[in-house]
Amino acid sequence: MADDTKKLVDLLDDMPIGMLTTFGPEGPRSIPMARQEVEPDADLWFITVKDSAHSRAIAADPRVSLTFTARDSWVAVYGRATLVDDRAKLAELWTTFAEAWLPGGPDDPNAVLLRVDVESGEYWDTPGGTIASLLSFAKTKLTGETYDADHGTVSG
């Protein structure tokens with residue numbers, strides 16, 4: 001299990017943008033989010049706008065799902081989101097990319113952190129990249145054996 005968590009965290013390091021799905025009163029809604037930090041236990045940090053539809057959805061129902069992808073790997077996690085008003089942590093995680101939505105910088109009163117405490121997750125990784133993927137697809141066609149991908153699950 002610890003190896004699967006480490007693998008998931010390592011994969012997330014190369015996946016800065018994910019799709020966040022909230023489950024508030026208006027039903028499921030997905031938006032892209034730029035991930036700021038991944039903790040060793042796979043908990044995730046984002047910078048977001050306090051006065052937004054997804055922040056209101058999280059206040060009503062903290063359950064969230066996040067999906068990330070890279071060329072040869074995929075990660076899906078489920079957890080509970082919390083809006084965190086911690087100015088020191090916000091300043092630590094601040095990037096100029098966040099200024100596109102929050103031009104006032106980390107002191108903007110509408111800037112807030114979003115922490116996702118990951119409860120479970122899965123990853124799929126194709127070791128060796130595109131060439132290995134093509135070889136696995138060819139093997140599947142020729143032998144009928146299933147596609148070779150590294151798959152793991154984690155739970156908090």
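Lys-7 is partly exposed, with a relative accessible area of 23% (buried means under 20%, exposed over 50%, partly exposed in between; 1.4 Å probe, protein chains only). The model is predicted, with local features needing pLDDT of at least 70 and side-chain atom pairs pLDDT 80 or more, while totals for chains, interfaces and linings use all residues. Residues are numbered from 1 along each chain as its sequence is written, and side-chain values use heavy atoms, without hydrogens and water.

The Lys-7 side chain forms a salt bridge with that of Asp-125 at 2.7 Å, N to O (a side-chain nitrogen of Lys or Arg within 4 Å of a carboxyl oxygen of Asp or Glu). Lys-7 lies in helix α1 and Asp-125 in strand β6, so the pair ties together parts 118 residues apart in sequence. Asp-125 counts as buried, at 11% relative accessibility.

## Other salt bridges

The whole structure contains 10 salt bridges. One of them joins Asp-85 and Lys-50 at 3.9 Å, N to O; Asp-85 is exposed at 52% and Lys-50 partly exposed at 34%. Another pairs Arg-56 with Asp-51 at 2.9 Å, N to O.

## Helix α1

The buried residues of α1 are Thr-5, Leu-8, Val-9, Leu-11 and Leu-12. They cover an arc of only 160° around the axis, which puts them on the same side of α1 (the arc is taken over directions from the helix axis to the C-beta atoms). The face turned away from this buried side carries the exposed residues Ala-2, Asp-3 and Lys-6.

Terms used:
Helix = DSSP H or I, 4+ residues; strand = E, 2+ residues; numbered from the N terminus.
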